[in-house]
Amino acid sequence: MAGKKSGLEDDEEETETITIITTLPLHCLRLIAFLSAFISRLLQSHPFRPASQDPYRYFTWTVTYGTISPLGVPQQAILINGQFPGPTIEAVTNDNIVVDVINKLDEPFLITWNGIKQRKSVWQDGVLGTNCPIPLNTSWRYKFQTKDQIGTFSYFPSTKLHRAAGGFGGFNVAHRSVIAVPYPIPTEEFTVLVGDWYKTSHKALQQKLDSGIPLPLPDALLINGLHGSATFTGQKGKTYKLRISNVGIATSINFRIQGHTMTLVEVEGAHTLQEVYESLDIHPGQSVSVLVTLHGSVKDYFIVASSRFTKPILTTTGILRYAGSSIKAAGPLPIGPTYHIHWSMKQARTIRLNLTANAARPNPQGSFHYGTIPIVRTLVLANTASKIGGKLRYAVNKISYVDPVTPLKLADWFNIPGVFNLNSIKETPTPGPASLGVSVIGTVLHDFVEVVFQNTEPTLQSWHLDGTSFYIVGYGSGNWTPDMRRRYNLADAVPRHTVQVYPYGWSAMLVSLDNKGMWNLRSAIWARRYLGQQLYIRVWNDEKSFFTENDIPQNALFCGKAHH
């Protein structure tokens, strides 16, 4: 009868095995060790491996047209599962997000995930430079990970002017339970989506732009899709976190709460020094998190959002309601800044990184000493309004971007000629007329780059970069010169994905391009982006490896010159 071997027999057999292995030549042992380590890392990093420690969250979204009346006038909007705004995604660091988008519109459609870095996964970015749009009456599955991220983000349509009709929502990434946060856990969190809104349909707005006519001032501001009636209820003495995003297409806003201050704790995935503000400027595409303690009398208080740098000033209100309140909010509304460019710039400089706090990882945020890294390249990007063919276009360094029918990433992956050329845009502004083109700047993986945004116009600009965060090291008026580097914040600048550039001014950022892919650098003011104020940064090396970039997904859509 077979039985369990004795311990001595086990030891003898193990010793015998070890003896056989150690008799192999040294170069074979090294090869075995290398292959063992390589296979182990490959299994851990392969995009299709089951990540048992990282949960999956599944969503099915049906995108349709529907009728809403936020300004008292029925109008067509883009709904997700019948909702306006769309459903909020609540995730945790490293979660795997799977979203099946069913397009029931009358046009192709894409959603982009504003601020989600898409580590090694540019295929999921949801812009026309990386993805073919989802055809009508079909579905497509996004699959990506909130890798090493926490924070307040959003999503919205990236195709045409769809964003002006809705289809946007909040995207919140909470910290893992094993990671400490640098403030007491709030009683509850509220997602607050503030943005401008037009009564005019998105197709009519698009026709204006196609005709070379700039968009007028929006009709109003909304809070969570409502004008004057969004309500948030809490208990006296408790502290709440408000995750606030500007989801508008054009307008900077100032946010404030009657009788209450706000403690800033997070900006687009980075914990900040906990400065206290009576009001905060939030520019198109930006997100912040604040703590608000309900220390007042039990009644209702106005929440106010007003436009910045516009004439006239647009204002909307919501309600902060104390539980048990029977007293309605009453005026006057708290006063906020209107034009006051210098005020806004001074406030922006007070937003600084909490160097000792953790973010998604246990190491302190200040452990990455960005200010000591040598800069390998400087880009100075100037925005201009121009006429090309008699029609209004917006350009960057004299190139007004036009989306090719073949996504840049597909052309790059399959070596399809005739779609784009590297470095087709100058690295600094040059004189001369603007022209149409496909702007792609070529960089090498892990390049550390200085980017200066030069605003040549009398309106505020807002710039967003997909795929990473960048350190905002300086703001200024007038033209940037290399001497401005003496004014850079090289110690505790905040990394974020969207930066404002003040009228006739400049903003400077430093960025480590550590995420391989084809990344959209665009105006967050959507009419400008639609008419050409965007480009792509190709982050590349000559190694095809799962360690740096996932393979093209099996469900990838093909269009233009790219075929199965």
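Two strands count as paired if DSSP finds at least two bridges between them, and the strands themselves are DSSP runs of E at least two residues long, while helices are runs of H or I at least four residues long, both numbered from the N terminus. Okay, with that out of the way, let's look at the thing.

Quick housekeeping: this is a predicted model, so local features need pLDDT of at least 70, side-chain atom pairs count only at pLDDT 80 or more, and totals for chains, interfaces and linings use all residues. Residues are numbered from 1 along each chain as its sequence is written, and side-chain values use heavy atoms, with hydrogens and water left out.

Zoom in on β4, residues 96-103: 8 bridges join it to β6, and the two run antiparallel. For example, Ile97 has Phe144 in β6 as its bridge partner.

Now, salt bridges. The rule is a side-chain nitrogen of Lys or Arg within 4 Å of a carboxyl oxygen of Asp or Glu, and that gives 19 of them. One is Arg141 with Asp100, closest N and O atoms 2.9 Å apart. Arg141 sits in β6 and Asp100 in β4, 41 residues apart in the chain.

Are those two buried or exposed? Buried here is under 20% relative accessible area, exposed is over 50%, and partly exposed is in between, using a 1.4 Å probe and protein chains only. Arg141 is partly exposed because its value is 39%, and Asp100 is buried because its value is 19%.

Next pair: Asp148 and Arg361, 2.6 Å from N to O. Asp148 is in the loop between β6 and β7 (151-157) and Arg361 in the loop between α4 (341-350) and β21 (377-388), so this bridge ties together parts 213 residues apart in sequence. Asp148 comes out partly exposed at 25%, and Arg361 is partly exposed at 46%.

Last one: Lys241 bridges to Glu189 at 3.5 Å. That's β12 (239-246) to β9 (188-197), 52 residues apart. Lys241 is buried, at 6%, whereas Glu189 is partly exposed at 34%. And Arg243 joins in too: Glu189, Lys241 and Arg243 are linked in a salt-bridge network.
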